[in-house]
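These are my notebook entries on one protein structure.

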Amino acid sequence: MRYEAPDSLDGVVALLAEANGDARVLAGGTDLLVQMRADVVDPELIVDIKKIAETRAVVEEAGGFRIGAAVTGAELKENAGLKGVWPGVVEAANLIGSTQVQGRATLGGNLCNGSPAADSVPALIAAGAVASVVGPAGRREIPVEDVMIGPRQLSLARGEIIASFVLPPRPKRSGDAYLRFIPRTEMDIAVAGAGVNLTIDAGGVITAARVSLAAVAAKVLLVPEAARAIIGSRLDPPAQERLAAAARAACRPIDDKRGTVEFRIEVAGVLARRAALIALDRARNR
Amino acid sequence: MARVVLIGNLAQLTGGESEIEVAATSVKQLFQMLGQRHPALAPHLEEGVAVAIDGQIYQDALLEPIGPDSEVFVLPQIAGG
Amino acid sequence: MPDTVSIPGDLVQTSVGTRTVRPDGVDKVTGRARFGADLNLPGQLVGRVLRSPHAHARIVSIDTSRAEELPGVKAVVTREDFPDQSSEFIPAGEMMINYKDMVRNVLAREKVLYEGHAVAAVAATSVAIAKRALKLIDVTYEVLPHVIDVVDAMRPDAPLLHDDLYTAGVEPKPAAPSNVAKRIEIAQGDIEAGFAKADVVVEREFKTAPVHQGYIEPHATVASVSEDGTAEVWCTTQGHFIVRAHCARLLGMDIGKVRVTSSEIGGGFGGKTVVYLEPLAVALSKKAKRPVKMVMSREEVFKSSGPTSGATVKVKMGVTKDGRFVAAFAELKYQAGAFQGSPVQPGVMCAFAPYDIENVKVIGYDVVSNRPKVAAYRAPGAPISEFAVESVVDELARNLDIDPVELRLQNAAREGTKAAYGPKFGPIGLVDTLHAVEKTNHYTTPLGEWQGRGVASGFWFNIGGETCASLTVNEDGTVSLMAGTPDIGGLRASLAMVAADELGVPYDKVRPIIGDTGSLGFTFLTGGSRSTFSGTLAVVDAARQIKADLCRRAAKLWDVPVDQVEFENGHVKPIGAAAAKAKPMTVADMAKVAGKTGGPIGGYGRINAQGAGPSFGTHLVDVEVDPETGRVTILRYTVAQDAGKAIHPSYVEGQFQGGAAQGIGWALNEEYIYGPDGTLQNAGFLDYRMPVASDLPMIDAIIVEVPNPRHPYGVRGIGETPIVPPMAAIANAIERATGIRFTELPMSPPRVLKALRERALAKA
Amino acid sequence: MAKHHITATVNGDEVEYLCETQDTLLDVLRDTLNLTGSKEGCSSGDCGACSITLDGRLVCSCLVLGCEVGGRRIETIEGMATGETLHPLQQKFLEHAALQCGICTPGFLVAARALLEKDSNPTETEVRYWLAGNLCRCTGYDKIIKAVMSAAADMRRA
């Protein structure tokens, strides 16, 4: 098993292109190392992307933020500027695993692990984040909701990696939030999750919104119907009920060791409503 | 004579007799007398049972004395985690 | 020697009852302490186990030749390397176990009986080679239908695990084999007449999930067998003498040729009372003539080491209008796992133990199914049956509109009460624990919406058993203490404190260690809440030998009759006519002249400890239920339990708190989840959800002390009882918060939310 | 492929070692450097018994490759005491009886130290959430949390 840690994206792309057997990109390693230990994967090549400037940086750019794919949750939390503007994204990244795991786990890894229950992904989707992808054919931008196709399946071509995520400029009076349900208070994988990002006008009416759901379908969902249910409202109780109903209607979950179909659908609606209320509160205070 | 009560499945091996008067002065004697009276019981007594003499539970205590008016219960062995 | 010596009048307990720093503490906070996986020997090989992917299959053939040919592979063992054992039951940990079953659990013979069942083991020069070798072992299986659930396993048409298993305890002997290994029954009074007297009868059926002990340290061992056939085994275990007995038996070795050393043990809770890896490591080392180290992965721990039973339990209790229990019936069906031996017997005996009830009948079934063989888990069997009973007691209190503590007080077992399992209780502390929780401000603090308060009591017998401990007074008067029971949670501190007080030396002058099997006589394992009770009895015995010896030596030194010498508070002291002839000497003084007075000074306690005192506890819990998600949050928790005498109060509190936390996990989230193919779906800490720090509040611990008259300090065992009440206390609290009685564990969010929604629908 | 030759700083000492790509930092610490104070409870980042700090950041050493840490600074439980003086957290764990079996103790101590270096005055809730990745099956966490809070109070006064 080979280990390489190039210091440029070109270097990564070249290594991945040349690889014969299974090649894996190593960011935080919190999924990859577990899979290696359990003999689920046995790669021929591991390419560590943590020595590359772009993957490790958080920069303000064009009124928004560019977040390196290998920036850890703990580092995001320490970035006061980012946390002030996108608290939902930062909180979501810090729901992944323990304090220890947050010291390693990254946004890029969380997305590329290809789990519908990834906590940072719905927050990024609600935020309207775009993945900046680099590969043999150069760089391209993909909305985060289009990166994952299904469990462990990505729309990335062979040899492509995510270098960074771009969070768009933020209008005034905007707020985001992500909530997930787990049986314990920490350490579990989401049984259901909901991300909400919204903007209100001076009168408190929601003018724009994005709603996403985790762990209720084969991939993390962007749910435009749920957003429409609250746009134009002040998130009064009927709007909250419409939001919950639209979120539930979008769910296509499975029964497994973590939850039942019935439970996931019900709770997804509850979480969407609760997350929207937090996002609204944040929008009012910004 | 000590009053001896067999608890649980042991009584099945005595043809339903669960209370017996026995003139035993020790656990060892008690087991011998019980085994003679009910041969089906004998292997179980050897295998390991506990006895409660006047409320106090003893395990593997063949030499423990039994008083003339003692109340003795023969119980399954007890251990724990 | 000082000129004057002052001797206090009475024996003063300067250590016992205080909160000393444990002797092994510094090693454990610096990383120096050596646990099971921390030992490496020169030339050591890596041992790995090949495990069954199937829940139930016949082994048609095992071909190890390709693995044996792989360079770096030094030994492979299969069923061929273990002689078959005759059917013989022996007491081990919780119930009788049978070597015929044990040899089959260590390595499968005719069939694999659960996913994770060991089939072969290899020893190789590296992990990578060992893993490759496992893949080269060709096992041909004939997959058989499997059965997981206990009720399914009892059906006449269920897949049969053992074709020679006939239900014991039924007359006449059944004509056909079945998965029901045993039926047991205890009864007293007239159950029918009892229920006829009842004004209120509640009958409920409960279901509990199997839960794992969840020790953080996986099973680990290093074995080294030399050319002359002597074996050294290092392992993490609750009882190294038991490991020695099992290894010697399974491999046909002399007990005296097997020396087992227990490492520091990273949790056991009953789960390390049996052997899994040790016989394999010995067998591999015997073949390879090199040390072999084996460590389980967490997945192997969950799939292949014992959880405790899941069960189905029916309870029916009758009470008079004025709150007197008049009849109680229970039927318990416990999963044993792949081999017989569930803890249903203690489950049967404990079910109604906290109460004074004239008419009782309890029936129990021990049922095998395609799961790992259960191992003891803290008060084995009792938490399951007492959960059901304490839930019904709460419902009776509800129906009668009596405070649940008052109803328990009205019916509580007291000194002289005839226990539901037969004998009369001596002095016991159930009533005291009930009064203790009643007096807390926890009991009277108002609750909010969706909040509820629950109470439940619990009982465990506690045991004694064979125990050795030695004390050696060193040349400088310091004391070396050796005990034979592994120290899981502060035992060395307790033993050293008792030794210090007995000999009248300072606590920090006593250095306790756990001796290996070559250093002491047979000592039963750490389990059954016995190690402090039995160990301190052995230490007292050893200390009293020393004191008598010191008096004899002093008498000779002083030229006085021995009856004119007394040991008091760390001194030998001339009394009566001798008082004027000599000055008292301390233990250290005597140590200085040991060589001149007959040689080294020591005592060796070798006892079969009798007189264990039962421990009762009562738990009080406040919960809050989220009506939209079904999440149950533990807001506040109080444990009151009778310790008899707390030698080290901090570690007694720690047992109460730890047991409560395990019970909270059992109540809310922990369970074994099987797929339709009979494979375990959640074999890891991620999805086997044990409580984490943020799940719990502080757990208030109230130590009640009703001394055990059969122990010189009044000690009772305390380790097991704390896991008995939590499940019912929480179920009772949830009922008070929601009005819904939950009868199935775990009371996980999907289950709670479903019940809340069904009720809402029913109302609408 | 040849083994990786790594130089790193462990508890203040420069160490050199050889490792395979798949060897975790925990494997290296325990098996190569004989620092067995970090424990392996799960190998999946779910128990925290292998907690260490990497350039001051709290991580599970089972989720780091040994070949990744060249030139980096690693602190383990073995480096926590200074000479004969225990760290205040170690002292408080002893005084509060915050350990029973002790297998989780090194991980808790390393994790708690990382917290107190970041925040000298955490609330009980903050301590509980910070330590949620450290499993303890013996204590119910009560005395561990009390020991950490008490150490924090002492360290603030010092």
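**Entry 1**

Arg128(D), at 4% relative accessibility, counts as buried. The side chains of Glu124(D) and Arg128(D) meet in a salt bridge of 2.7 Å, N to O. I noted the rule: a side-chain nitrogen of Lys or Arg must lie within 4 Å of a carboxyl oxygen of Asp or Glu. Why can these two side chains be related by the helix? Glu124(D) and Arg128(D) are four residues apart in helix H4 of chain D, and so are separated by about one helical turn. An α-helix has 3.6 residues a turn, so residues three or four places apart point the same way. Helices here are DSSP runs of H or I with at least four residues, strands are runs of E with at least two, and both are numbered from the N terminus.

**Entry 1: how the model is to be read**

I recorded that this is a predicted model, in which local features need pLDDT of at least 70 and side-chain atom pairs count only at pLDDT 80 or more, while totals for chains, interfaces and linings use all residues. Residues are numbered from 1 along each chain as its sequence is written, chains are lettered from A and ligands numbered from 1 in the order in which they are written, and side-chain values use heavy atoms, with hydrogens and water left out.

**Entry 2: chain D against chain C**

I looked up the contacts, meaning heavy atoms within 4.5 Å, and found 40 residues of chain D in contact with 49 residues of chain C. The two chains bury about 3800 Å² between them, 60% of it on carbon and sulfur atoms; buried area is the accessible area (1.4 Å probe) that two parts lose on being put together, summed over both. Leu94(D), Gln100(D) and Arg137(D) supply 22% of the area that chain D buries against chain C, more than any other three residues.

The rule finds four salt bridges across this interface. One of them joins the side chains of Lys39(D) and Asp38(C), at 2.4 Å from N to O. Which helix of chain D gives the most to the side that touches chain C? I found that H5(D) does, with four residues. By class, that side of chain D has 20 nonpolar, nine polar and eleven charged residues. Here Ala, Val, Leu, Ile, Met, Phe, Trp, Tyr, Cys and Pro count as nonpolar, Asp, Glu, Lys and Arg as charged, and the others, Gly among them, as polar.

**Entry 3: chain C against chain A**

I then found 23 residues of chain C in contact with 21 residues of chain A. The area buried between them is about 2100 Å², and carbon and sulfur atoms give 50% of it. Glu628(C), Arg631(C) and Arg689(C) supply 26% of the area that chain C buries against chain A, more than any other three residues.

How many salt bridges cross the interface of chain C and chain A? The rule finds seven. Arg258(A) forms a salt bridge with Asp687(C), with the closest N and O atoms 2.7 Å apart. Helix H19 (residues 749–763) of chain C gives the most to the side of chain C that touches chain A, with five residues.

I checked helix H17 (residues 649–668) of chain C, and 20 of its 20 residues are buried. Helix H18 (residues 726–738) of chain C has twelve of its 13 residues buried. H18(C) is followed by Gly739(C), whose phi is positive, near 80°.

I noted 88 salt bridges over all chains. Arg140(A) pairs with Glu160(A), the closest N and O atoms being 2.8 Å apart. Arg140(A) lies in strand S7 and Glu160(A) in the loop between strands S9 and S10 of chain A, so the pair ties together parts that are 20 residues apart in sequence. Arg140(A) is partly exposed, at 34%, whereas Glu160(A) is buried, at 13%.

Arg716(C) forms a salt bridge with Asp642(C), also with the closest N and O atoms 2.8 Å apart. This pair ties together parts that are 74 residues apart in sequence. Arg716(C) is buried, at 3%, and Asp642(C) counts as buried at 0%.

Notes: The expected span of a helix is 1.5 Å times one less than its number of residues. Buried means under 20% relative accessible area, exposed over 50%, partly exposed in between (1.4 Å probe, protein chains only).
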